[in-house]
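We will go from one selection to the next, with a word on what to look for at each stop.

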Amino acid sequence: LSSGADCGKILEVAPDVIASELEPQDAELKLAHCQYQGLDFASARKNYRAAYDRTGNTDALKGLALTELRDGRTAVALDLLSQLDSSATQDDWQVLNAI
């Protein structure tokens, strides 16, 4: 998704991009990823949830599940990951197996 070097700029401009609704799901995902890397799990959860609710994107769903896991809500994380269907990739299933 985004490297550490990119996150500073993303954290700066993503809220404006989201507000302008130009490709908001991409901005939400990138912003959430950077927030997760920066250990801001509450904000990351909000943006992963928004991206998932808007598009059903499996990366957003995985990110949302990981934020729940980081907050110790394993059952919620597993419930979210159980929503992965036949569109899931090998990496998706590796995440589920790791949890």
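Start by selecting Leu 29, which lies in helix α2 (helices, H or I with at least four residues, and strands, E with at least two, are DSSP runs numbered from the N terminus). Leu 29 is buried, at a relative accessible area of 11%; buried means under 20%, exposed over 50%, and partly exposed in between, with a 1.4 Å probe and protein chains only. Show its surroundings: leaving aside neighbours within four places in sequence, Leu 29 is in contact with Tyr 48, Ala 51, Asn 57, Asp 59 and Ala 60, where contact means heavy atoms within 4.5 Å.

A note on the model before the next stop. This is a predicted model, in which local features need pLDDT of at least 70 and side-chain atom pairs count only at pLDDT 80 or more, while totals for chains, interfaces and linings use all residues. Residues are numbered from 1 along each chain as its sequence is written, and side-chain values use heavy atoms, with hydrogens and water left out.

Now zoom out and colour by secondary structure. The chain has six helices and zero strands, and buried residues make up 36% of its 99 residues.

Next, select Leu 29, Tyr 36, Tyr 48, Ala 60, Leu 61, Ala 65 and Leu 80. These have the most contacts inside the largest nonpolar core, which has 16 residues; such a core is a set of buried Ala, Val, Leu, Ile, Met, Phe, Trp, Tyr and Cys residues joined through side-chain atoms within 4.5 Å. Helices α2 (24-37), α3 (41-55), α4 (58-70) and α5 (74-81) each supply at least two residues of this core, and the largest share, five residues, comes from α3. Click on Leu 61 from that set: not counting residues up to four places away in sequence, Leu 61 touches Tyr 52, Leu 80, Gln 83 and Leu 84.

Stay with α4. At its start, a side-chain oxygen of Asn 57 reaches to within 2.6 Å of the backbone nitrogen of Asp 59. Just after α4, Gly 72 takes a positive phi of about 80 degrees.

Which side chain makes a polar contact with Asn 47? Select Gln 35: the two side chains are joined at 2.9 Å (a polar contact is a pair of N or O atoms within 3.5 Å; within protein, one must be able to donate a hydrogen and the other to accept it, and residues adjacent in sequence count only if both atoms are side-chain atoms). Asn 47 lies in helix α3 and is buried, with a relative accessible area of 8%.

Finish with the charges. The structure holds seven salt bridges, each a side-chain nitrogen of Lys or Arg within 4 Å of a carboxyl oxygen of Asp or Glu. Select Arg 45 and Asp 71, whose side chains meet at 2.1 Å, N to O. This pair links distant parts of the chain, with Arg 45 in helix α3 and Asp 71 in the loop between α4 and α5, 26 residues apart. Arg 45 counts as buried at 16% relative accessibility, whereas Asp 71 is partly exposed at 36%. Salt bridges with shared partners join Arg 45, Glu 68, Asp 71 and Arg 73 into one network.
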